[in-house]
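Here are my notes for you, written as numbered points. Keep the structure open beside them and look up each residue as you go.

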Amino acid sequence: MKWFLCKCLCLGMLFSMKAQTPNVPETKDTIVSENEYFDKLKEKISIRTNFSGDVRSYKVQDSESSIEFSPNSEYRLSLTVDYRFFGITLGFSPQFLPGNDDENLKEKTELNNFGLQFYFNKWLQRISYERIKGFYINNTGDFIENWSEGIDPYIQFSGLRTTTYSGNTAYKFNDNFSLPAINGYIHWQKKSAGSFIPSLDYNYIGAELKHTDDISEIESKEVNITLKPSYLYTFVYQNNWFLSVEAAPGIGINFTKDTEINILDNTSGTSNSNELHYTYNATLILGYNSNSLYGGARYNVKNLSNFDKSEENSLQTENFFEFLIGYRFDAPKFIKKPFDWIERNIGL
């Protein structure tokens with residue numbers, strides 16, 4: 001059963017800123033445009049680097065046992081650039097970072113990700129791509145007798161590769177709260193505010209395991225759709241310091257198609273499954289803001305689990321710390337002009 005679970009998890013692996021106008025009655029909308037609660041740093045480019053442990057691991061378990069798959073990449077670096085309504089992120093996991101270089105015990109992992117963010121007044125849209133190749137069994141000691149951690153190598157899957165395409169669409173209800181202030185850092189929240197923010201998460205995970213004998217192959221295609229009624233509040237202290245807290249439970253559905261191919265016999269077997277799942281996501285962000293320099297730390301807890309505990313239960317966990325430091329500077333004219341054109345013609 002334990003090795004069957006191992007195989008199953010392999011199968012189971014996506015308003016422009018306005019000048020203050022006199023003699024205008026103060027309404028909810030004019031409060032936003034006059035920047036009483038937050039500043040839209042429209043002419044500033046925000047660039048930052050992140051150091052985090054945001055690396056996804058997978059677990060599958062039943063009443064008898066569990067198995068944990070992890071990439072040999074404890075930390076990743078990313079570079080993000082945001083301007084007005086658009087942001088782009090590039091991330092990777094270099095081997096020179098501590099915890100990423102013990103290939104003799106674990107497995108060499110290749111990890112790359114790419115993401116885009118779009119800010120539309122009340123809306124936030126995110127899409128991302130991630131590719132991971134090379135995993136090891138984190139709880140190898142449950143399967144090999146007399147195995148010694150730090151001395152003996154882990155069970156390794158060099159041929160296991162996952163490709164994830166993810167998206168998130170979020171909508172804020174409170175006009176006095178800024179989502180870009182804690183996502184792209186292109187706004188500066190000046191007064192405390194919070195908002196109910198329903199969001200829809202969706203991803204596609206393609207997993208592929210090629211055996212070393214090159215005669216068989218396991219493939220999986222998985223789609224997750226999750227609705228999350230989250231709430232986020234930002235406390236502002238003395239204008240420059242802020243603390244953001246988010247709670248985001250969710251419920252969703254999973255669609256999975258598993259295929260095992262025997263290359264030698266040119267045969268294959270396919271199975272399909274649909275499962276309801278629940279998630280919880282909690283985030284704590286502590287940060288500092290100024291016109292140019294900003295930074296902070298984030299702690300995030302994520303979990304996804306199936307409702308049906310009688311069957312094998314696929315889990316995804318992403319609990320991590322993140323540290324960032326960023327800088328804002330005036331956008332040069334050759335960047336401002338195309339963004340001005342887009343805003344005029346599309347009405348952003």
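1. Let's begin with aromatic pairs: rings of Phe, Tyr and Trp (its six-membered ring) count as a pair if their centres lie within 6.5 Å. Keep in mind that this is a predicted model. Searching the whole structure turns up 19 aromatic pairs. Take Phe118 and Phe120: their ring centres are 6.2 Å apart and their planes sit at 0 degrees, so this pair is stacked. Phe118 is partly exposed, at a relative accessible area of 23%, and Phe120 is partly exposed too, at 34%.

2. Now have a look at Tyr185 and Tyr294. With ring centres 5.0 Å apart and planes at 15 degrees, they are stacked, because planes under 30 degrees apart count that way. The two residues are 109 apart, so to speak, on distant parts of the chain: Tyr185 is in the loop between helix H3 (180-183) and strand S10 (187-189), while Tyr294 is in strand S15 (residues 293-306). Both Tyr185 and Tyr294 are buried.

3. Trp123, Tyr171, Phe173 and Phe196 are linked into a cluster by ring pairs.

4. On to the nonpolar cores. In soluble globular proteins, nonpolar side chains tend to be buried together. Which residues touch the most other members of the largest nonpolar core here? They are Phe177, Ile182, Tyr185 and Ile197, out of 17 residues in that core. A separate core of 15 residues has Leu111, Ile137, Phe143 and Ile155 among its members.

5. Next, salt bridges. Side chains of opposite charge can pair when their charged atoms come close. The count for this model is 15 salt bridges. One of them joins Glu43 to Lys336, with the closest N and O atoms 3.7 Å apart. This pair links distant parts of the chain, 293 residues apart: Glu43 is in the loop between strand S1 (38-40) and strand S2 (44-52), and Lys336 is in helix H4. Glu43 is partly exposed at 30% relative accessibility, and Lys336 is partly exposed at 26%.

6. Asp330 and Lys44 form another salt bridge, their closest N and O atoms being 3.2 Å apart. Since Asp330 lies in strand S17 (residues 320-330) and Lys44 in strand S2, the pair ties together parts that are 286 residues apart in sequence. Asp330 counts as exposed at 52% relative accessibility, whereas Lys44 is partly exposed at 23%.

7. Are Arg76 and Glu130 buried or exposed? Both are buried, and they form a salt bridge with the closest N and O atoms 2.7 Å apart. Arg76 lies in strand S5 (residues 76-83) and Glu130 in strand S8 (residues 123-137), so parts 54 residues apart in sequence are tied together. Elsewhere, shared partners join Lys42, Glu43, Arg84, Lys336, Asp340 and Glu343 into one salt-bridge network.

8. Last, a quick check on helix H4 (residues 333-346). At 1.5 Å a residue, its 14 residues should span 20 Å, and its end C-alpha atoms are 20 Å apart, which agrees. Just after H4, Gly347 takes a positive phi of about 80 degrees.

Definitions and conventions:
Residues are numbered from 1 along each chain as its sequence is written. This is a predicted model: local features need pLDDT of at least 70, side-chain atom pairs count only at pLDDT 80 or more; totals for chains, interfaces and linings use all residues. Side-chain values use heavy atoms; hydrogens and water are left out. A nonpolar core is a set of buried Ala, Val, Leu, Ile, Met, Phe, Trp, Tyr and Cys residues joined through side-chain atoms within 4.5 Å. Buried means under 20% relative accessible area, exposed over 50%, partly exposed in between (1.4 Å probe, protein chains only). Helices (H or I, at least four residues) and strands (E, at least two) are DSSP runs, numbered from the N terminus. The expected span of a helix is 1.5 Å times one less than its number of residues. Rings of Phe, Tyr and Trp (its six-membered ring) pair if their centres lie within 6.5 Å; planes under 30 degrees apart count as stacked, over 60 as edge-to-face and the rest as tilted. A salt bridge is a side-chain nitrogen of Lys or Arg within 4 Å of a carboxyl oxygen of Asp or Glu.
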